[in-house]
Amino acid sequence: DRPGHDRRYSRDCEKAKGLGFRTAHEFEDAIQDTVGWYVKKKGWWERIMSGEFRSYYENIYVDMLQEQ
């Protein structure tokens, strides 16, 4: 863990639950669904990881980037 990091910033959902909040999905099911989505959509995230999207946005916004 990093220096200065403490658990006071962690979330406690008990108050939200007391107000009637309920999760729509169990964590284990939701994480499996999420991983499954990424496995099925490999072509989508591979373009992001390859830098293709960054190059696209750099070309589109070249003028704005130069002003910064």
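Patches are built from residues with over 30% relative accessible area and no salt bridge; like charges are joined within 9 Å, and nonpolar side chains (Val, Leu, Ile, Met, Phe, Trp, Tyr) within 5 Å. Accessible areas come from the Shrake-Rupley method with a 1.4 Å probe, and for residues only the protein chains shown count as cover. The model is predicted: local features need pLDDT of at least 70, side-chain atom pairs count only at pLDDT 80 or more, and totals for chains, interfaces and linings use all residues. Residues are numbered from 1 along each chain as its sequence is written, and side-chain values use heavy atoms, without hydrogens and water.

**Exercise 1.** State which residues make the nonpolar surface patch.

Step 1. The members are W37, Y38, W44, I48 and M49. Their patch covers about 540 Å².
Step 2. Assign helices (DSSP runs of H or I, at least four residues, numbered from the N terminus). Y38 belongs to α2.
Step 3. α3 gives the largest share, three residues.

**Exercise 2.** Describe how α2 and α3 are arranged.

Step 1. Take α2 as residues 27–40 and α3 as residues 42–50.
Step 2. Their axes (lines fitted to C-alpha atoms over the stretch in contact; angles from 0 to 180 degrees between N-to-C directions) come within 5 Å and cross at roughly 75°. The pair is therefore roughly perpendicular (65 to 115 degrees).
Step 3. List contacts (heavy atoms within 4.5 Å). W37, Y38, V39 and K40 of α2 meet K42, W44 and W45 of α3.

**Exercise 3.** Find the salt-bridge partner of K17.

Step 1. Apply the rule: a side-chain nitrogen of Lys or Arg within 4 Å of a carboxyl oxygen of Asp or Glu. The count is three salt bridges.
Step 2. K17 pairs with E14, with closest N and O atoms 3.9 Å apart.
Step 3. Both sit in α1 (residues 14–18), three residues apart, so about one helical turn separates them.

Methods: Helix = DSSP H or I, 4+ residues; strand = E, 2+ residues; numbered from the N terminus. Parallel < 35°, antiparallel > 145°, perpendicular 65-115°, else oblique.
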